[in-house]
Amino acid sequence: MSGGVMRGATMSGNAPHADPVGTDWSNTALASPGLSLDRPTVTIDLSAIRHNWHAVARRYTGPRLGAVVKNDAYGLGADRVVPLLAQLGCQDFWVDHVDAALTIRQLAPASRVFVLNGLAGSNAARCRADALVPVLVDEREVAQASDEARRSGPLKVAIHLDSGLSRVGLDAAAVSRLIDQPALLRGLDVVAWVTHLGRFADPDATENIEQRERFLAWTDRLPPAPRSIATSSCVFADRSWHLDIARVGSALYGVDTTPSMPQGLRPAVTLSAPVLRVAKVPAGTEIGYAGSFRTQHACTMATLAIGYGDGLPFALANCGQVALAGGMVPVVGGVSMGLVSVDVTALGEGRVQPGMHATLFGPGVRLEQVAAAARVAPNALLVACASQARRRYVDDALTQDMAMTARESE
Ligand SMILES: *Cc1c(COP(=O)(O)O)cnc(C)c1O
């Protein structure tokens with residue numbers, strides 16, 4: 001985000017003409033359709049998701065490109081995102097837990113649905129009945145699945161191998177036992193060997209290369225099955241990372257996981273919050289709890305209906321910036337549960353009015369930069385905010401207006 005307050009931009013998408021504060025009471029005239037006037041709104045651009053799917057598909061050289069839709073598609077809403085991706089040709093969906101997997105099963109009946117948390121929320125017999133593919137997290141789950149398969153016939157599973165991240169998957173000793181005793185896999189139709197990198201933002205890190213070598217060495221000695229290591233950043237790295245199945249989340253939603261590598265992705269999410277009040281305050285006024293900010297001179301403050309309860313990071317207190325009325329304005333004072341103040345003095349008299357929307361992130365206010373200012377991961381910011389705000393979906397034409405607003409404030 002650029003520093004300081006910018007002026008001189010023309011109308012923003014939501015801005016009224018420059019009436020003085022208080023002369024226009026018709027709030028509804030100021031907001032775009034679907035934007036809430038008293039809570040944050042997240043606008044999801046379906047055409048950007050489409051664009052990003054094609055961008056990833058052009059890069060990925062392996063046979064099977066799948067989408068990760070955990071946490072309700074990173075907060076964007078699986079009910080809209082999954083059918084869209086299925087329509088674009090996505091046949092594999094990867095999700096964290098069973099409840100979500102069952103929903104996705106219905107949204108995309110022809111697809112494979114992988115449950116990353118393994119059997120914990122279900123069991124092998126139910127996975128079979130529900131046509132879900134569990135990603136088995138340890139040797140114990142392999143044994144449970146194999147027992148069920150010996151009773152009831154071949155069972156489709158994926159098996160996670162822990163090549164270095166030490167979260168889930170069979171560790172080196174368990175992998176050795178599988179290699180030495182293939183009978184441990186009896187009855188299992190292994191549709192994927194899976195591993196996950198420790199340094200996703202930097203695929204070519206030495207530690208990642210070691211993980212890949214370990215994974216390839218193991219899977220060379222295990223029964224043959226498609227191998228999956230690639231997440232978003234790997235797809236944009238050397239094709240030696242691609243292997244047979246990709247599990248891509250962030251890139252589809254426009255989140256750049258590899259800052260060192262331009263990916264040609266389009267931001268798919270805009271977070272905005274309405275102005276509730278605009279007030280002129282004299283020098284020496286305390287803004288927010290415990291006087292965390294004190295004005296040096298007379299200022300105009302706008303209060304936005306968004307706070308940490310809506311997922312806005314606390315760390316943006318006195319350091320974040322938002323786009324409003326064609327400019328960038330600073331956050332002053334703290335971030336409360338549902339409110340935050342911005343100093344709009346530099347925008348000029350009457351530019352900001354209640355009912356207008358400030359953009360917290362979106363095209364032109366990069367999510368990645370806001371996240372860096374708040375010292376959180378971009379996905380953490382995205383998921384926290386997008387899962388709570390009112391959701392609104394737009395496609396191509398409608399978003400032109402928003403894109404223009406963003407460009408003006410760059
Ligand atoms: C979240 C997740 C992914 C997706 O990673 P992105 O960087 O968002 O593409 C892939 N695999 C696993 C196991 C995950 O947990």
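Is Asp343 buried or exposed at 13% relative accessibility? Asp343 counts as buried, because its relative accessibility is 13% (buried means under 20% relative accessible area, exposed over 50%, and partly exposed in between, with a 1.4 Å probe and protein chains only).

## About the model

This is a predicted model, where local features need pLDDT of at least 70, side-chain atom pairs count only at pLDDT 80 or more, and totals for chains, interfaces and linings use all residues. Residues are numbered from 1 along each chain as its sequence is written, and side-chain values use heavy atoms, with hydrogens and water left out.

## Where the ligand sits

Let's start with the ligand, which sits in the largest pocket. A pocket here is an open set of points on a 1 Å grid over the protein atoms alone, where a 1.4 Å probe fits, with protein on both sides within 12 Å along at least five of seven lines. A molecule sits in a pocket if more than half of its atoms lie within 2 Å of its grid points.

The shell around the ligand is made up of Val68, Lys70, Tyr74, Leu116, His196, Thr231, Ser232, Arg247, Val248, Gly249 and Ser250 (a residue is near a molecule if one of its heavy atoms lies within 4 Å of it). By class, this shell holds 4 nonpolar, 5 polar and 2 charged residues; Ala, Val, Leu, Ile, Met, Phe, Trp, Tyr, Cys and Pro count as nonpolar, Asp, Glu, Lys and Arg as charged, and the others, Gly among them, as polar. Helix 2 (70-74) and strand 9 (245-248) each supply at least two residues of the shell. Helices (H or I, at least four residues) and strands (E, at least two) are DSSP runs, numbered from the N terminus.

Tyr74 lies in helix 2 and is buried, with a relative accessible area of 7%. Its phi is near 55°, a positive value in a residue other than glycine. Asp72 also has its place in helix 2 and a phi near 55°, but Asp72 counts as partly exposed, at 35% relative accessibility.

In helix 9 (residues 232-235) you will find Ser233, which is buried at 1% relative accessibility. A polar atom of the Ser233 side chain lies 2.4 Å from the backbone oxygen of Phe200.

## Pairs separated in sequence

Asp343, from the opening question, belongs to strand 16 (residues 340-343).

Glu139, in helix 6 (residues 139-152), is partly exposed at 29% relative accessibility. Glu139 and Arg177 are 38 residues apart in sequence and 9.3 Å apart in space, C-alpha to C-alpha.

Key: On a 1 Å grid over the protein atoms alone, a cavity is a set of points where a 1.4 Å probe fits but cannot get out, and a pocket is an open set with protein on both sides within 12 Å along at least five of seven lines; lining residues have an atom within 4 Å of a point. A polar contact is a pair of N or O atoms within 3.5 Å; within protein, one must be able to donate a hydrogen and the other to accept it, and residues adjacent in sequence count only if both atoms are side-chain atoms.
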